[in-house]
Structure formats: structure tokens, C-alpha cells
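Reader: Hi! I'd like to go through this structure with you. Can we start with the space inside?

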Amino acid sequence: MGSLEIYDHISSVDLSKNQNIVKKRKMNTEEFLEEEEFDSNANNTKLSIEDRKQVFKRFYMKKDYVCLERINRRIVNILDGLQLHIGVFNSMEQKKIVQFIYELQNRGRNNELEEHTYSEPNKWMRGKGRVTIQFGCCYNYAVEKNGIPPGILPNGIVDPIPNLFKIMINRLITSLVLPISCVPDSCIINIYEPGDCIPPHIDSHDFIRPFCTVSFLSKCNIIFGHKIQIVGPGEFIGSASIPLPVGSVLVLNGNGANLAKHCIPAVSYKRISVTFRKMDKAKRPYNFKLDSKFQNIKSSDFSDAS
């Protein structure tokens with residue numbers, strides 16, 4: 001794997017080309033804080049070249065992941081298409097997001113959410129029983145008793161995406177983490193207690209690519225491999241392991257989303273992830289209604305988080 005692509009050395013040309021990204025990220029942070037009633041004093045948007053360099057140092061992206069495997073007699077980089085973004089959400093924003101997720105968990109436990117929004121299975125063995133909260137659609141991970149295969153439930157009743165997560169989506173688009181052609185219309189929250197994991201899998205093609213996952217509370221590793229060995233409850237061996245820092249956004253596309261399986265080994269500390277995905281139009285639930293904010297969307301439409 002290559003080194004982090006950190007913006008330590010930026011020429012005047014680079015700055016002129018990328019200053020819109022910095023401005024949008026700065027502006028988005030201010031709008032996020034204002035929307036959520038944070039106290040923000042960042043009012044000065046006129047940045048010198050040196051100031052811009054300092055801003056860029058807080059944002060970096062790694063995308064040169066390489067892990068070669070032989071698949072069908074060909075050598076393939078199974079990590080091609082992965083991107084890890086750091087600095088998209090600051091610590092204050094992360095705290096607000098986590099607090100809101102705990103509120104959702106309490107509502108779920110009190111049966112205040114729709115039938116298929118909240119799930120908290122019994123922990124019958126190590127690695128089993130993490131809490132999930134789904135918005136936009138309900139993805140069924142196992143074959144049901146009536147024979148319905150895994151996939152988006154066409155009749156699943158879930159709550160719409162909350163406003164705070166729409167603001168997060170706004171950030172992901174305006175920060176160029178996700179393309180404007182792939183605005184998420186669903187999300188799933190995973191709440192891990194120590195020992196919880198996610199087994200090896202490839203995300204269903206009920207969801208188009210790319211998609212992304214945001215990490216909160218604690219750092220963990222995500223394992224990738226064309227074939228991943230299960231050596232015990234929550235214990236996996238793959239070809240590559242990538243650290244996911246707190247507040248990072250991992251974007252999965254290309255071979256990293258379609259060819260390689262991925263999994264989260266049993267975590268040592270409490271962790272929360274929020275995964276944003278766009279559904280294939282043909283797979284959307286029968287009762288799905290696209291939010292008016294996300295219809296006929298254009299880049300310029302994301303100038304206002306409210």
C-alpha cells in the first residue's frame with residue numbers, strides 16, 4: 001500500500017484548482033454546525049495561500065491501495081476502487097451524530113420506530129447480535145422461513161432518512177467523497193458492542209456503486225480478500241487489512257466493492273458505523289418515496305444544508 005496522499009505541498013495552481021473543495025468543506029462545516037445549533041465562530045472565508053495550506057492539511061485521501069491476487073488465472077488488484085477520506089466530519093459533529101444515534105436506539109427499544117427500521121437480536125454467540133437501524137429500505141440478510149432470499153424487502157416498512165443524515169449526505173456530495181450521480185437514498189447504522197463483528201460478504205447489487213461507510217467511536221480494521229477464511233467466531237484471515245480511523249469515510253467501488261469480500265473482525269471497543277447507499281431503482285420498496293430534496297439534484301443544490 002502506498003503512503004497517504006496528504007496535501008502538504010500545494011502549488012498556486014493546485015490551490016486555484018482545489019480551493020473550491022476547501023471552501024465547500026469549510027462552508028459545509030459551518031452550515032452543519034448552524035443547522036444543529038452548534039456554536040461556530042468560523043466566519044472568515046477569505047483565506048490566504050498559507051491559510052489554505054493549513055486547511056488542506058486537515059483533509060486527505062488515500063486511494064492507492066494495492067493487493068494482488070490471482071483470480072481466474074489473472075493477477076488482479078482486489079483493492080482497486082477503494083478510497084479513504086479523513087477529516088470530512090470534525091470531532092464536534094461526530095459527537096452530535098453519535099448522540100443522535102443513541103437517541104434512535106432508545107426509540108427503537110421503545111418500539112417508536114417502524115417495523116423494519118430497528119433490529120436488536122439476542123447475542124447467542126460471540127460476534128452475533130449487533131444492533132442495526134435501517135432507513136430508506138430494509139435489507140434482509142438471510143433467507144426467511146417463507147423462502148424469500150436476501151435482498152431489499154419490497155414490502156419492508158422503515159422510517160425515512162432523518163434530517164441529520166441528509167446533512168451528512170450533503171457533506172459527502174459537496175466534499176466530493178461521493179459523486180453527484182450516486183446520491184444515497186438509504187442508510188444502515190451498525191452499533192457494535194465489544195466482540196461484535198460483520199462476517200465476510202460482498203454488498204448486494206440491489207445497491208449501486210459506489211457506496212460508503214463512516215466510522216465513529218473507535219478505530220478498527222476492515223479485512224478484504226477474494227476469499228476470506230473464517231477461523232473462529234469473529235476471527236477472519238484475508239489478504240489485506242485497512243485501518244478505519246474514527247471519523248473516516250471509506251468509499252467502496254470497483255474491485256474493492258464487486259470482487260473482494262470484506263468483513264469487520266470482532267471489535268475490541270464499542271463502535272458505530274453509518275453506511276450510505278443508493279438503491280437500484282428496480283429494487284426500491286413498493287412504498288418508497290424519493291425525498292423532494294434529492295429529486296433532479298444538481299451540484300449547486302447542495303449549497304444549503306437546511
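Reader: How do the residues lining the largest cavity divide into nonpolar, polar and charged?
Author: This is a predicted model. In it, that lining has 6 nonpolar residues, 2 polar and 1 charged.

Reader: Which residues are they?
Author: The lining of the largest cavity is made by Gln134, Phe135, Cys137, Tyr139, Ser186, Cys187, Ile188, Phe207 and Arg277. Two elements each give two or more residues to it: strand E7 (131-135) and strand E10 (186-192). E10 has the largest share, with 3 residues.

Reader: What volume does that cavity have?
Author: About 30 Å³. The count of cavities of 30 Å³ or more comes to 1.

Reader: What about pockets? How much space is in the largest one?
Author: The largest pocket holds about 990 Å³. Its lining has 45 residues, and the closest to its centre are Arg130, Thr132, Tyr141, Ile188 and Asn190.

Reader: Which strand gives the most to that lining?
Author: Strand E19, residues 271-279, gives the most to the largest pocket, with 4 residues.

Reader: And by class, what is the pocket lining made of?
Author: The largest pocket is lined by 22 nonpolar, 16 polar and 7 charged residues.

Reader: New topic. How many helices and strands are in the chain?
Author: The chain has 5 helices and 19 strands.

Reader: What share of the chain is buried?
Author: Of its 306 residues, 49% are buried.

Reader: What about contacts between residues 24 or more positions apart?
Author: Take the contacts with a separation of 6 or more. Residues 24 or more positions apart account for 77% of those.

Reader: Let's look at a strand. Which strands pair with E17?
Author: Strand E5, residues 83-86, pairs with E17 in the antiparallel sense over 3 bridges. Strand E12, residues 207-216, is joined to E17 by 4 bridges, and these two also run antiparallel.

Reader: Which residue of E17 is the bridge partner of glutamine 83?
Author: Valine 251 is the partner of glutamine 83. For phenylalanine 211, the bridge partner in E17 is leucine 252.

Reader: Which way do the side chains of E17 point?
Author: Strand E17 covers residues 249-252. Val249 and Val251 point one way, while Leu250 and Leu252 point the other way. All of these are buried.

Reader: OK, on to E13. How many of its residues are buried?
Author: Strand E13, residues 220-225, has 5 of its 6 residues buried, so to speak mostly covered.

Reader: What does E13 pair with?
Author: E13 is joined to strand E16, residues 240-244, by 5 bridges, and the two run antiparallel. E13 also pairs with strand E18, residues 261-264, over 3 bridges in the antiparallel sense.

Reader: Which residues sit across from each other there?
Author: Phenylalanine 224 has alanine 240 of E16 as its bridge partner. Glycine 225 stands opposite lysine 261 in E18.

Reader: Now a helix. Where is isoleucine 101, and is it buried or exposed?
Author: Isoleucine 101 is in helix H3, residues 91-109. It counts as buried because its relative accessible area is 0%, and the cut-off for buried is under 20%.

Reader: What does isoleucine 101 contact?
Author: Leaving aside neighbours within four places in sequence, isoleucine 101 is in contact with Ile133, Phe165, Ile189, Ile191, Ile272 and Val274. Along the chain, isoleucine 101 and valine 274 are 173 residues apart. Their C-alpha atoms are separated by 9.6 Å.

Reader: What about a loop? Where is proline 194?
Author: Proline 194 is in the loop between E10 and strand E11 (198-201). Not counting residues up to four places away in sequence, it touches Val267, Ser268, Tyr269 and Lys270.

Reader: How far apart are proline 194 and serine 268?
Author: In sequence, 74 residues. In space, 5.0 Å from C-alpha to C-alpha.

Reader: Last one. What is the mean pLDDT of the chain?
Author: The mean is 82, and 75% of the residues reach 70 or more. Over residues 1-19 the pLDDT is below 50, and this stretch has 34 contacts in the model beyond near neighbours in sequence. Residues 298-306 also stay under 50, with 19 contacts beyond four places in sequence.

Reader: What should I do where pLDDT is low?
Author: The predicted coordinates should not be read in detail there.

Notes: Residues numbered from 1 in each chain as written. Predicted model: local features only at pLDDT ≥ 70, side-chain atom pairs only at ≥ 80, totals over all residues. Heavy atoms only, no water. 1 Å grid on protein atoms, 1.4 Å probe; cavity = no way out; pocket = protein on both sides within 12 Å on 5 of 7 lines; lining within 4 Å. Points joined across faces, edges and corners; volume = space filled by probe spheres on them. Nonpolar A, V, L, I, M, F, W, Y, C, P; charged D, E, K, R; others polar. pLDDT = per-residue confidence, 0-100. Contact = heavy atoms within 4.5 Å. Buried < 20%, exposed > 50% of the residue type's maximum accessible area, 1.4 Å probe, protein only. Pairing = 2+ DSSP bridges.
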